[in-house]
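Please read them beside the structure.

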Amino acid sequence: MAAVVSINDTSRLPENVLELEGEDFYRFTKSISGALLTEVLKVQNIDSVFIFLQTKDIFEIFKYNSITLRDLKSKIGFDVEDGEFQVKHGLKLQYEYLSKLLKLKSDQKYITSSPLTYEKIDILLQRYPFLLSLLNFHENENIINDQHEFLTLFVNTITKNLSSANASRYRYDNKIKSFAVCLYILGGKTTYEYVRLNLPGALPNLTTINSLIQNNDDNLTEGEFRFNKMAKYLNSFGVRHAYCAEDCTGVVRRIKYDTHTNSFIGFSTPLYGGIPSPSHFKTDSITELKLWMDQTEKAPLLNIHCVQPIPPPNQTIAPPSFVLAGYGVSSKYTSLDILRRWLFIHKNSIEKNVRILGFSTDADNKYFRAMRLMAGFYASLSNFDIHVDSCMFSIQTGSWSWFFLRRDQLFVFMQDATHLVTKLRNRLLSATAALKVGNKYITMNHLQELLDNVELTRLDHGLTQSDLKPTDRQNFRSCLRITSCDVLNLIARDDNSNGTYMYLKLIKFIISSYIEPTTSIEERLKGAWTAVFLLRLWWVWLLLVRLSSLPSFSTKSKKHNREQHFVTRTAFFSTELNAHYLTYLILLVQQKQLPADVLNIHLFSSQTCESTFRNTRSLTGVFSTVINYTVEEFLRRSRKLSILNGFKSQEKSTSLLKFPVHHKHISLNTTRNNQNLIDISTLNVENVVMQAYQSAVSIIENLNISSLLKKHKLFDMNALSEYLHNHLRSKSKLHDNLPLFENATDDSDSEFDLDSDDDDDDDNNSVHSKSSGSEGEDDDDDDSMDNEQLKTFKTSFGGLNIKDSVSVEQEKSYFKIKINDT
């Protein structure tokens, strides 16, 4: 079979073809394209390659009637209608073939020869017009700056690689490799391959990408605490202080083999003194593996520790959190195990010159107990000798009756405010609780009345029916909506809703004090203590009021009858602890023991763990329907997440790779130099707390509880606080000789008349049942508004997609409505 010759193959041309002239040139054209085409060239005296290439169309001359050309014209073509002359198709193809070969040969000579001449440049610009655009772009020095550095490198990489005939010789700069790894992590395998195949020479193949990820030193081994990596990560930001968070999430119970550690992952990791055993399940015996599979519990939970760096004053964006450790666990661990882990983290961090200031959790029972034990907050820790630690904090305070916290503390604790407000919302939604303060009930019915009021629309209150669903227990966005200024203003109109108004204000104070990043320190302190005093006034009133005057909703004991009119014990103590430790941090800053940057309180939460859970779940491929993961899959994905966070943390310093950030995430991660908000050194903590008490009193003045408090001389801030302090101290039973395994019904720390740990109205976000992030999904019911005319007292509609006019292309995407006849 004859070999097929490519139309672009110039190998059949003589090496000196571009130098042929006269008869040599004609013999060459005759051998390639035949005698007839050569005759056409001769009649026009086209006797060299140079002249041939300069001629646009050798058949153009035959358009004219000439006696000299008549015979040759009849050989190469024929006349058609309208006097047009048509060259034979075969002859045209012979000419196009010869022309293409000679042009390719000419371009090759100019490109490969050195130096580059103006003629060669001219040929290249004519052949590749995009080069002219590229030259024009680079000619403007004002455009070429740091933001185009990567673009220049990217284009240069493509052209260099494509100039090599062998794909195995393609080379990529480290910055291109970093970009490729990020693209693979963010988009997945399918997206990466789609981009790579359509941009040849731009990106390395998948084998290279997998090698780069596997060889990265950010591997997360089950049960191993990465203190060296943590220190290196914090040092890159110049950070010496950090907050730590611990949290659990549900995982798929499945055992997988890890080739890197030669161990099996997915079993419940054994804890020795509260510390997990790294890569514990290693064996070369199939019998031992079978025994593990039969007798060892598969981990239902994944426990992780995240470290949130406290950014220095010159940094406006908080660095991403660092995953310190991750391992599979069961629920069979105690508060003492948690305490030992915290002390273990503290000790090893100090050795790396990093001070972990404190810990944040989601108010789960065991974590909650561990915090109170370590803080000495109506609890005793006799079996742990922590007072000899040289890193103990110590503050100086006045004779503050309202301040219950011990002056010497090793850690600062903060219950996650996002979980706290959802707990308060769930208490409001509870079917068993009957919240009451004074002569007013606290109930969701008042919010339901806003939804049912035909004179009000969603424009007025912004609520949906899903905000009142008791089944949606972790809907934080619902907490924001029910405490909006619009809702509070509408609730305040009805005197019967005064109790509900107080309760919603309590939630709003917690949100503004601990979650919103823009709140000033003075506002945080005042809001936190206003929430505390609202609960203290409410609870002391319940202690004083006759039980017979309260409605009974069950046949349970009188103790429970009082409890069902108040918030849960976890919510009460969490509100107290958060306010105390916020004050404690402010005093540490005032007394020059810590920098002012530690007062970025919105960073001090377990949302760092929740964010890690969400981000690792989002790394699921686009064609996968499986959202949750096993322990091994989390560890593998967290490696990619660490690599991605590493590149993101370098974004400001390298100015090379840019990552999109949602505007809401920008505001959440923004730090504030609190010295610009208020001079911390001159902040009078005692005066702010007194203002908070007056604010709380003004809120409850219409609730008919002040008369009873005044009767018992407990309406004064100091008297009220001393009474509650003595009550809590006399009822305290929480100590560190707890049973080995604390179960859900254990009531050993029921130190005062509040409900048991696991209320049926709580948000059920403990480690026993949680399987996703705290914020949950915003399960809105998009209430359709059938009426075209709406009435509202509002004049602005922030957060709602309402426009005065839209483009013609978007008309069908909007409904037309009239608001107040406009």
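1. Basis. This is a predicted model; local features need pLDDT of at least 70, side-chain atom pairs count only at pLDDT 80 or more, and totals for chains, interfaces and linings use all residues. Residues are numbered from 1 along each chain as its sequence is written, and side-chain values use heavy atoms, with hydrogens and water left out.

2. Aromatic pairs. The structure holds 43 of them. Rings of Phe, Tyr and Trp (its six-membered ring) pair if their centres lie within 6.5 Å; planes under 30 degrees apart are stacked, over 60 edge-to-face, and the rest tilted.

3. What the pair joins. F154 belongs to helix α8 (residues 149-162) and F179 to helix α9 (residues 174-198), so the contact ties together parts 25 residues apart in sequence. Helices here are DSSP runs (H or I, at least four residues), numbered from the N terminus. F154 counts as buried, at 14% relative accessibility. F179 counts as partly exposed, at 26%. The cut-offs: buried is under 20% relative accessible area, exposed over 50%, partly exposed in between (1.4 Å probe, protein chains only).

4. A pair within one helix. The ring centres of W529 and F533 are 5.7 Å apart and the planes are at 40 degrees, so the pair is tilted. Both residues sit in helix α21 (residues 521-544), 4 residues apart, which is about one helical turn. W529 is buried, at 0% relative accessible area. F533 is buried too, also at 0%.

5. Cluster. One aromatic cluster is formed by F368, F377, Y378, F404, Y503, W538, W539, F566, F572 and F573.

6. Charges over rings. The charged end of R372 sits over the ring of F573, 4.1 Å from its centre. K366 lies over the face of Y333, at 4.8 Å from the ring centre. The test is NZ of Lys or CZ of Arg within 6 Å of the ring centre and within 35 degrees of the ring normal.

7. Helix α8, buried face. Which residues of α8 are buried? They are F150, F154, T157, I158 and N161.

Methods:
Helix = DSSP H or I, 4+ residues; strand = E, 2+ residues; numbered from the N terminus.
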